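Please read this report alongside the sequence and the model. It covers helix packing, a charged pair and a surface patch.

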Amino acid sequence: MIIIAIVIGCIVGALIGINAPIISYTYSGYLAIAIIAALDSVFGGITSVLQGKFDLKIFISGFFGNAILSILLTWLGVKLNVDIYLAAIVVFVGRMFTNLAIIRRYYIDKWTKKINK
């Protein structure tokens, strides 16, 4: 069942990618930083689910808030001719690695307990 979903997702993604307009170089930096911010929110959401603290309102507000703030920081940096977006990348990627480490430890502990039983 999962393989069918993956194949359907790949086909839909390919069709959308072929028919979607190409993002111009002017806006590609804004999109890249927004994607990094959104991924940070996704990893944070997964971590909070594993810890039993997930709240959909906080996730949605963080998802869009982080993406919008990172786009605004990038825009401000372009206007000031300063690479402010690098600070956002460092923060978001650092948080992604932290959340990934928490997720990894959770599953390693879970699998270790399962093997020991």
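This is a predicted model: local features need pLDDT of at least 70, side-chain atom pairs count only at pLDDT 80 or more; totals for chains, interfaces and linings use all residues.

Residues are numbered from 1 along each chain as its sequence is written, and side-chain values use heavy atoms, without hydrogens and water.

Helices are DSSP runs (H or I, at least four residues), numbered from the N terminus. The axes of helix H2 (residues 25–51) and helix H4 (residues 85–116) come within 9 Å and cross at roughly 25°. H2 and H4 are therefore roughly parallel (angles under 35 degrees).

One salt bridge is found in the whole structure (a side-chain nitrogen of Lys or Arg within 4 Å of a carboxyl oxygen of Asp or Glu). Arg 95 and Asp 40 form a salt bridge at 2.4 Å, N to O. Arg 95 lies in helix H4 and Asp 40 in helix H2, so the pair ties together parts 55 residues apart in sequence.

Val 49, Phe 54, Leu 56, Ile 60, Phe 64, Ile 68 and Leu 72 make a nonpolar surface patch of about 660 Å². Patch residues have over 30% relative accessible area and no salt bridge, with nonpolar side chains joined within 5 Å. Helix H3 (residues 56–80) gives the largest share, five residues.

Accessibility is classed as buried (under 20% relative accessible area), exposed (over 50%) or partly exposed (in between), using a 1.4 Å probe and protein chains only.

| Residue | Relative accessibility | Class |
|---|---|---|
| Leu 56 | 53% | exposed |
| Arg 95 | 39% | partly exposed |
| Asp 40 | 2% | buried |

Methods
Patches are made of residues with over 30% relative accessible area and no salt bridge: like charges are joined within 9 Å, nonpolar side chains (Val, Leu, Ile, Met, Phe, Trp, Tyr) within 5 Å. Accessible areas come from the Shrake-Rupley method with a 1.4 Å probe; for residues, only the protein chains shown count as cover. Helices (H or I, at least four residues) and strands (E, at least two) are DSSP runs, numbered from the N terminus. Axes are lines fitted to C-alpha atoms, for helices over the stretch in contact, and angles run from 0 to 180 degrees between N-to-C directions. Angles under 35 degrees count as roughly parallel, over 145 as roughly antiparallel, 65 to 115 as roughly perpendicular and the rest as oblique.
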